[in-house]
Amino acid sequence: MFKKIIILLVVVLSAFCSVGCNKDEKVTVGILLTATHSALDNAKEGFIEALKANGYEDAEFVVKNPEGDSTTMNSMATELIRKSDIVLGIGTPAAVALQSARDAEEIDITILFTAVTDPVSAGLMSDVNKPTDITGTNDMNPVADQVDLILELAPGITKLGVLYNVAEPNSQVQAEMVKAQAAKKNVEVVVKTVSEAIEISAATTALIQTEKVGAIYLPTDNLIAANMPAVGAVADELGVPTVAGESGMVAAGGTITYSINYKSLGYLTGEMAVKILDGTPCSEVPSTSVDATGLEVAINDSSIEKLGIEVPQSIK
């Protein structure tokens with residue numbers, strides 16, 4: 001009888017280990033992007049690279065991209081929740097869509113997020129240090145440093161514009177941070193919001209020609225990031241520099257920034273996914289972000305040349 005109990009215990013333990021420890025079993029990883037732009041794409045690449053480098057090279061990665069359409073995003077989120085072992089939302093709207101789909105479907109699945117500026121205000125977590133079944137990495141950019149950067153690049157300005165999508169709460173959080181830092185420098189902040197891409201060029205023009213701002217701050221806003229050429233073309237033509245929330249936005253038309261490296265951010269999220277897939281409870285994997293080594297200065301030489309700005313050596 002005792003021998004039978006021992007044999008049964010071994011079988012049970014072996015089965016348990018296979019759930020959390022066996023990397024030979026193929027894992028399906030669902031990835032939902034908010035839209036196409038360089039920061040989110042880089043985060044996706046870093047995430048996949050981390051899993052493949054840590055024993056999950058045979059995982060099936062199912063990537064969905066609704067290009068910002070909320071109805072399509074919700075449908076894709078539901079599909080991924082139903083068919084994946086673990087899911088990743090890249091950008092706040094994608095992460096929230098996965099959360100809503102999981103709750104609606106009542107499926108027990110871990111959700112990871114990346115490129116989310118403030119997971120608490122987005123309703124993804126109540127405490128970043130105490131996750132339940134959702135965790136990930138935030139991309140809160142160094143707003144104060146970025147404001148100081150544009151003021152150093154364009155000294156003497158008295159008005160700083162901020163442009164973002166009114167539907168993105170994370171952008172509003174950044175706008176408030178811009179106001180707080182600018183106030184310390186006795187610089188007035190003028191905010192313009194848009195709700196769709198077609199409004200962006202006119203809003204940029206209004207900030208410069210009507211509000212007379214000397215520079216424009218652009219948060220890590222998905223709509224603005226996806227339409228940076230429109231912002232950059234107007235700002236460069238009207239002689240006003242822009243400081244963007246991340247380096248991909250600079251490459252797409254902004255002037256300058258001090259930025260998170262989104263591939264590093266995605267890789268860090270992938271390492272978190274590996275821990276969870278290997279058996280570590282999600283509750284023991286707190287939300288985090290990259291440290292100072294994951295930041296970089298990005299300068300758009302074309303914009304600088306059009307604006308006729310001499311970049312100080314201290315910035316370079």
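Which residues in the largest nonpolar core touch the most other members? I started my notebook with that one.

**Ground rules.** I am working on a predicted model, where local features need pLDDT of at least 70, side-chain atom pairs count only at pLDDT 80 or more, and totals for chains, interfaces and linings use all residues. Residues are numbered from 1 along each chain as its sequence is written, and side-chain values use heavy atoms, with hydrogens and water left out.

**The cores.** I looked for a nonpolar core, meaning a set of buried Ala, Val, Leu, Ile, Met, Phe, Trp, Tyr and Cys residues joined through side-chain atoms within 4.5 Å. Buried here is under 20% relative accessible area, exposed is over 50%, and partly exposed is in between (1.4 Å probe, protein chains only). The largest core has 29 residues, and Val29, Ile31, Phe47, Leu51, Ile90 and Leu112 touch the most other members. Two or more residues each come from β1 (28–33), α2 (38–53), β3 (86–90), β4 (110–116) and α11 (262–277). I noted that α11 gives the most, with 7 residues. Helices (H or I, at least four residues) and strands (E, at least two) are DSSP runs, numbered from the N terminus.

Another core lies apart from this one, with 25 residues, including Val143 and Tyr217.

Next I picked Ile31 and listed its contacts (heavy atoms within 4.5 Å). Leaving aside neighbours within four places in sequence, Ile31 is in contact with Phe47, Phe61, Val63, Leu88 and Ile90, among others.

**The largest pocket.** I searched a 1 Å grid over the protein atoms alone: a cavity is a set of points where a 1.4 Å probe fits but cannot get out, a pocket is an open set with protein on both sides within 12 Å along at least five of seven lines, and lining residues have an atom within 4 Å of a point. Grid points are joined across faces, edges and corners, and a volume is the space filled by probe spheres set on the points. The largest pocket holds about 440 Å³. Its lining has 21 residues, with Thr34, Gly68, Met73, Pro93 and Glu168 nearest the centre. Here α4 (92–105) gives the most, with 4 residues.

**The cavities.** Of its 16 lining residues, Leu40, Ala115, Asp139, Thr220 and Asn222 lie nearest the centre.

**Helix α9.** My last stop was α9 (residues 228–237), where the buried residues include Met228, Val231 and Asp236. Just after α9, Gly239 takes a positive phi of about 80°.
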